[in-house]
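Here is a short briefing to read alongside the sequence and the model. Please keep both open as you go through the points.

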Amino acid sequence: MLLDRRSFLIAAGAFPLLAQQAGFPWPSGKRGALSFTFDDARVSQIDLGIPLLNRLGMKATFYVSPRGFRQRVDGWKEAIAAGHEIGHHTDSHPCTVNYRFSRDNALEDYTLERMEADIAKATAEIVDTLGVRPVSFAYPCGQTFVGVGANQRSYVPLIAKHFRSGRGYLNESANDPERCDLSYLMGTHCDGFSGDELLGLVDAAMKENRWLVFAGHDFGDPARQTTSMKAIEAVWEYARNPANGVWVDTVATVSEFLVNARSR
Ligand SMILES: [Zn+2]
(Lines give C-alpha, C1' and ligand atoms only; values in the text may rest on other atoms or scores of the structure.)
Protein backbone atom coordinates (compact mmCIF):
# COMPACT_ATOMS: atom_id res chain seq x y z
CA MET A 1 0.00 0.00 0.00
CA LEU A 2 1.29 3.45 -0.90
CA LEU A 3 1.19 5.99 1.88
CA ASP A 4 0.51 9.67 1.31
CA ARG A 5 3.15 12.05 2.68
CA ARG A 6 1.39 12.74 6.03
CA SER A 7 0.74 9.04 6.67
CA PHE A 8 4.33 8.31 5.76
CA LEU A 9 5.59 10.91 8.25
CA ILE A 10 3.35 9.51 11.00
CA ALA A 11 4.55 6.00 10.23
CA ALA A 12 8.14 7.26 10.26
CA GLY A 13 7.68 8.79 13.70
CA ALA A 14 7.90 12.36 12.46
CA PHE A 15 4.40 13.37 13.55
CA PRO A 16 5.45 14.65 17.00
CA LEU A 17 7.75 17.10 15.22
CA LEU A 18 4.84 18.40 13.12
CA ALA A 19 2.71 18.71 16.24
CA GLN A 20 5.42 20.78 17.95
CA GLN A 21 5.66 23.10 14.98
CA ALA A 22 1.90 23.65 15.09
CA GLY A 23 1.98 24.37 18.87
CA PHE A 24 2.97 27.46 20.83
CA PRO A 25 5.09 29.86 18.75
CA TRP A 26 8.36 29.66 20.65
CA PRO A 27 11.33 31.39 18.97
CA SER A 28 12.45 29.65 15.81
CA GLY A 29 13.87 26.18 16.34
CA LYS A 30 12.87 26.02 20.04
CA ARG A 31 10.57 23.35 21.45
CA GLY A 32 10.18 25.00 24.86
CA ALA A 33 11.88 27.17 27.46
CA LEU A 34 13.97 26.51 30.56
CA SER A 35 14.84 28.95 33.34
CA PHE A 36 17.14 28.21 36.24
CA THR A 37 16.21 30.23 39.34
CA PHE A 38 17.78 30.41 42.80
CA ASP A 39 16.42 31.95 45.98
CA ASP A 40 17.55 33.92 49.05
CA ALA A 41 20.82 35.47 47.68
CA ARG A 42 22.85 32.82 49.50
CA VAL A 43 26.63 33.30 49.51
CA SER A 44 27.28 30.06 47.56
CA GLN A 45 25.39 31.62 44.66
CA ILE A 46 28.08 34.32 44.39
CA ASP A 47 31.05 32.17 45.45
CA LEU A 48 30.25 29.05 43.36
CA GLY A 49 27.11 29.49 41.26
CA ILE A 50 27.71 32.68 39.27
CA PRO A 51 31.30 31.71 38.34
CA LEU A 52 29.98 28.35 37.06
CA LEU A 53 27.14 29.94 35.09
CA ASN A 54 29.49 32.57 33.63
CA ARG A 55 31.95 29.87 32.54
CA LEU A 56 29.10 27.99 30.84
CA GLY A 57 27.63 31.17 29.32
CA MET A 58 24.25 30.55 30.94
CA LYS A 59 21.95 33.24 32.41
CA ALA A 60 19.82 32.63 35.49
CA THR A 61 17.35 34.43 37.75
CA PHE A 62 18.22 35.11 41.40
CA TYR A 63 15.38 36.01 43.74
CA VAL A 64 17.11 38.07 46.41
CA SER A 65 16.30 39.30 49.89
CA PRO A 66 18.31 42.17 51.38
CA ARG A 67 19.66 40.15 54.31
CA GLY A 68 21.20 37.78 51.76
CA PHE A 69 22.61 40.20 49.20
CA ARG A 70 24.09 42.52 51.85
CA GLN A 71 26.75 39.83 52.42
CA ARG A 72 28.09 40.07 48.83
CA VAL A 73 26.99 43.41 47.36
CA ASP A 74 29.92 43.72 44.92
CA GLY A 75 29.39 40.13 43.76
CA TRP A 76 25.73 40.83 43.02
CA LYS A 77 26.65 43.95 41.05
CA GLU A 78 29.03 41.81 38.98
CA ALA A 79 26.29 39.21 38.47
CA ILE A 80 24.00 41.92 37.09
CA ALA A 81 26.77 43.17 34.78
CA ALA A 82 27.20 39.57 33.54
CA GLY A 83 23.52 39.45 32.51
CA HIS A 84 21.89 37.56 35.37
CA GLU A 85 18.48 38.68 36.55
CA ILE A 86 17.76 40.03 40.02
CA GLY A 87 14.30 39.00 41.17
CA HIS A 88 12.48 39.88 44.40
CA HIS A 89 11.90 37.58 47.40
CA THR A 90 10.44 40.00 50.01
CA ASP A 91 12.31 41.77 52.79
CA SER A 92 11.63 39.49 55.76
CA HIS A 93 10.86 36.17 54.00
CA PRO A 94 7.55 35.38 55.74
CA CYS A 95 6.36 31.75 55.56
CA THR A 96 3.83 29.61 57.41
CA VAL A 97 3.89 29.47 61.21
CA ASN A 98 4.50 25.72 60.88
CA TYR A 99 8.11 26.37 59.89
CA ARG A 100 10.03 27.02 63.09
CA PHE A 101 12.14 29.78 61.50
CA SER A 102 9.06 31.84 60.66
CA ARG A 103 7.03 31.44 63.84
CA ASP A 104 7.66 35.10 64.72
CA ASN A 105 7.13 36.32 61.15
CA ALA A 106 4.29 34.07 60.05
CA LEU A 107 2.02 34.53 57.03
CA GLU A 108 -0.86 33.57 59.32
CA ASP A 109 -0.29 36.89 61.17
CA TYR A 110 0.04 39.01 57.99
CA THR A 111 -2.43 41.30 56.24
CA LEU A 112 -2.19 42.33 52.58
CA GLU A 113 -1.14 45.82 53.74
CA ARG A 114 1.71 44.42 55.83
CA MET A 115 2.84 42.23 52.92
CA GLU A 116 2.80 45.16 50.51
CA ALA A 117 4.91 47.21 52.94
CA ASP A 118 7.41 44.35 53.33
CA ILE A 119 7.75 44.08 49.55
CA ALA A 120 8.13 47.87 49.14
CA LYS A 121 10.92 47.93 51.75
CA ALA A 122 12.95 45.32 49.84
CA THR A 123 12.30 46.99 46.50
CA ALA A 124 13.69 50.28 47.85
CA GLU A 125 16.85 48.57 49.15
CA ILE A 126 17.39 46.60 45.91
CA VAL A 127 17.01 49.77 43.82
CA ASP A 128 19.30 51.80 46.14
CA THR A 129 21.98 49.13 46.56
CA LEU A 130 22.00 47.18 43.30
CA GLY A 131 20.55 49.79 40.94
CA VAL A 132 17.90 47.53 39.36
CA ARG A 133 14.11 47.27 39.82
CA PRO A 134 12.96 43.63 39.85
CA VAL A 135 10.12 42.56 37.54
CA SER A 136 10.07 38.93 38.76
CA PHE A 137 9.04 37.71 42.24
CA ALA A 138 9.33 34.38 44.03
CA TYR A 139 6.93 33.57 46.88
CA PRO A 140 8.95 32.67 50.03
CA CYS A 141 8.44 28.93 50.65
CA GLY A 142 6.12 29.01 47.61
CA GLN A 143 3.26 30.16 49.87
CA THR A 144 0.80 32.72 48.53
CA PHE A 145 -1.56 33.45 51.44
CA VAL A 146 -1.87 35.88 54.35
CA GLY A 147 -4.16 35.42 57.37
CA VAL A 148 -6.12 32.38 58.54
CA GLY A 149 -9.46 30.69 57.94
CA ALA A 150 -12.30 32.93 56.80
CA ASN A 151 -9.90 35.89 56.82
CA GLN A 152 -7.22 34.23 54.73
CA ARG A 153 -6.40 36.10 51.52
CA SER A 154 -4.26 35.34 48.50
CA TYR A 155 -1.48 37.82 47.88
CA VAL A 156 -1.13 36.74 44.24
CA PRO A 157 -3.11 39.88 43.16
CA LEU A 158 -0.54 42.04 44.99
CA ILE A 159 2.25 40.36 43.03
CA ALA A 160 0.29 40.85 39.79
CA LYS A 161 0.11 44.57 40.64
CA HIS A 162 3.83 45.04 41.27
CA PHE A 163 5.61 42.41 39.11
CA ARG A 164 5.45 40.77 35.70
CA SER A 165 5.65 37.31 37.27
CA GLY A 166 5.54 35.39 40.56
CA ARG A 167 7.10 31.94 41.00
CA GLY A 168 5.88 29.15 43.28
CA TYR A 169 7.97 26.34 44.74
CA LEU A 170 7.74 22.54 45.01
CA ASN A 171 5.21 22.46 42.18
CA GLU A 172 4.88 19.36 40.04
CA SER A 173 4.47 20.75 36.54
CA ALA A 174 6.17 22.86 33.93
CA ASN A 175 4.21 25.90 32.70
CA ASP A 176 1.74 25.95 29.82
CA PRO A 177 2.96 28.92 27.73
CA GLU A 178 -0.51 29.71 26.39
CA ARG A 179 -2.52 29.63 29.61
CA CYS A 180 -0.28 29.75 32.70
CA ASP A 181 -0.82 32.57 35.22
CA LEU A 182 2.42 34.56 35.08
CA SER A 183 1.66 35.74 38.63
CA TYR A 184 1.80 32.15 39.85
CA LEU A 185 4.36 30.21 37.80
CA MET A 186 5.01 26.62 38.77
CA GLY A 187 8.53 26.28 40.22
CA THR A 188 10.11 22.82 39.95
CA HIS A 189 12.46 21.91 42.78
CA CYS A 190 16.00 21.21 41.45
CA ASP A 191 18.03 20.83 44.68
CA GLY A 192 19.60 17.46 45.43
CA PHE A 193 18.96 15.87 42.01
CA SER A 194 21.43 14.24 39.62
CA GLY A 195 22.00 15.45 36.06
CA ASP A 196 19.98 12.52 34.71
CA GLU A 197 17.07 13.34 36.99
CA LEU A 198 17.02 16.99 35.90
CA LEU A 199 17.39 16.00 32.25
CA GLY A 200 14.34 13.73 32.57
CA LEU A 201 12.31 16.74 33.72
CA VAL A 202 13.69 18.94 30.91
CA ASP A 203 12.95 16.30 28.30
CA ALA A 204 9.36 15.82 29.51
CA ALA A 205 8.76 19.60 29.46
CA MET A 206 10.20 20.01 25.94
CA LYS A 207 8.03 17.17 24.62
CA GLU A 208 5.00 19.21 25.72
CA ASN A 209 6.41 22.53 24.42
CA ARG A 210 6.38 23.94 27.95
CA TRP A 211 8.35 26.38 30.08
CA LEU A 212 10.19 24.59 32.88
CA VAL A 213 11.27 26.83 35.75
CA PHE A 214 13.77 25.16 38.06
CA ALA A 215 13.92 26.50 41.63
CA GLY A 216 16.99 25.93 43.79
CA HIS A 217 18.99 27.44 46.63
CA ASP A 218 22.69 26.77 47.31
CA PHE A 219 25.25 25.54 44.75
CA GLY A 220 27.61 22.64 45.50
CA ASP A 221 27.41 18.89 45.78
CA PRO A 222 23.79 17.67 45.63
CA ALA A 223 22.09 17.94 49.03
CA ARG A 224 18.99 19.27 50.71
CA GLN A 225 18.57 22.85 49.43
CA THR A 226 21.72 22.53 47.30
CA THR A 227 21.67 22.17 43.52
CA SER A 228 24.38 19.96 42.08
CA MET A 229 26.85 21.92 39.98
CA LYS A 230 27.55 18.76 37.97
CA ALA A 231 23.81 18.43 37.26
CA ILE A 232 23.66 22.03 36.01
CA GLU A 233 26.58 21.30 33.66
CA ALA A 234 24.81 18.16 32.37
CA VAL A 235 21.61 20.10 31.66
CA TRP A 236 23.57 22.85 29.94
CA GLU A 237 25.43 20.33 27.75
CA TYR A 238 22.03 19.10 26.53
CA ALA A 239 20.36 22.50 26.28
CA ARG A 240 23.17 24.21 24.38
CA ASN A 241 22.86 21.73 21.50
CA PRO A 242 20.55 23.52 19.00
CA ALA A 243 19.19 20.14 17.86
CA ASN A 244 17.47 19.75 21.26
CA GLY A 245 15.49 22.99 20.82
CA VAL A 246 15.76 24.26 24.42
CA TRP A 247 15.55 28.01 24.97
CA VAL A 248 17.45 28.79 28.18
CA ASP A 249 16.87 32.28 29.51
CA THR A 250 15.88 34.30 32.55
CA VAL A 251 12.33 34.47 33.88
CA ALA A 252 12.15 38.18 32.93
CA THR A 253 13.03 37.44 29.29
CA VAL A 254 10.79 34.41 28.85
CA SER A 255 7.84 36.05 30.62
CA GLU A 256 8.20 39.17 28.45
CA PHE A 257 8.19 36.92 25.38
CA LEU A 258 4.98 35.23 26.59
CA VAL A 259 3.26 38.56 27.27
CA ASN A 260 4.08 39.70 23.72
CA ALA A 261 3.20 36.36 22.09
CA ARG A 262 -0.19 36.27 23.84
CA SER A 263 -1.04 39.82 22.75
CA ARG A 264 -0.46 39.06 19.07
ZN1 LIG B 1 13.40 31.65 50.13
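L107 counts as buried, because it has 25 C-beta neighbours inside 10 Å; a residue is buried if 20 or more other C-beta atoms lie within 10 Å of its own, exposed if 12 or fewer and partly exposed in between, with C-beta atoms placed from the backbone. This is a predicted model, in which local features need pLDDT of at least 70 and side-chain atom pairs count only at pLDDT 80 or more, while totals for chains, interfaces and linings use all residues. Residues are numbered from 1 along each chain as its sequence is written.

**Around L107**

- You will find L107 in the loop between strand 3 (85-88) and helix 6 (112-130); helices (H or I, at least four residues) and strands (E, at least two) are DSSP runs, numbered from the N terminus.
- Setting aside neighbours within four places in sequence, L107 is in contact with P94, C95, T96, Q143, F145 and V146, where contact means that two C-beta atoms, placed from the backbone, lie within 7 Å.
- From L107 to C180 there are 73 residues in sequence and 25 Å in space, C-alpha to C-alpha.

- Helix 3 (residues 43-56) has 14 residues and should span 20 Å at 1.5 Å a residue, which agrees with the 20 Å between its end C-alpha atoms; the expected span is 1.5 Å times one less than the number of residues.
- At G49, shortly before the proline P51, helix 3 has a kink of about 40 degrees, the bend being the angle between axes fitted to the seven residues ending there and the seven starting there.
- G49 is also one of the buried residues of helix 3, along with Q45, I46, I50 and L53.
- Those buried residues pack against strand 1 (32-39), strand 2 (61-64), helix 5 (73-81) and strand 10 (218-220).
- Just after helix 3 comes G57, with a positive phi of about 80 degrees.

**Helix 9 and its two partners**

- Helix 3 packs with helix 9 (residues 229-239) at an angle of about 20 degrees, their axes 11 Å apart; axes are lines fitted to C-alpha atoms, for helices over the stretch in contact, and angles run from 0 to 180 degrees between N-to-C directions.
- Helix 3 and helix 9 are therefore roughly parallel to each other; angles under 35 degrees count as roughly parallel, over 145 as roughly antiparallel, 65 to 115 as roughly perpendicular and the rest as oblique.
- On the helix 3 side, L48, L52 and L56 meet M229, I232, E233 and W236 of helix 9.
- Helix 8 and helix 9 have axes that come within 8 Å and cross at roughly 40 degrees. That makes helix 8 oblique to helix 9.
- The helix 8 and helix 9 crossing is right-handed.
- Here G195, L198, L199 and V202 from helix 8 meet K230, A231, A234, V235 and Y238 from helix 9.
- E197 is found in helix 8 (residues 195-207) and is partly exposed, with 14 other C-beta atoms within 10 Å.
- Between E197 and A231 there are 34 residues in sequence and 8.5 Å in space, C-alpha to C-alpha.

**Loop residues worth a look**

- C141 sits in the loop between strand 4 (136-138) and strand 5 (145-146), and its phi is near 60 degrees, a positive value in a residue other than glycine.
- With 19 other C-beta atoms within 10 Å, C141 is partly exposed.
- Q225 is in the loop between strand 10 and strand 11 (226-228); its phi, near 60 degrees, is positive in a residue other than glycine.
- Q225 counts as partly exposed because it has 14 C-beta neighbours inside 10 Å.
- G23 lies in the loop between helix 2 (15-22) and strand 1, and counts as partly exposed with 15 C-beta neighbours inside 10 Å.
- G23 and D39 are 16 residues apart in sequence, and their C-alpha atoms are 32 Å apart in space.

Definitions and conventions:
A crossing is left-handed if the near helix is turned anticlockwise from the far one by less than a right angle, and right-handed if clockwise.
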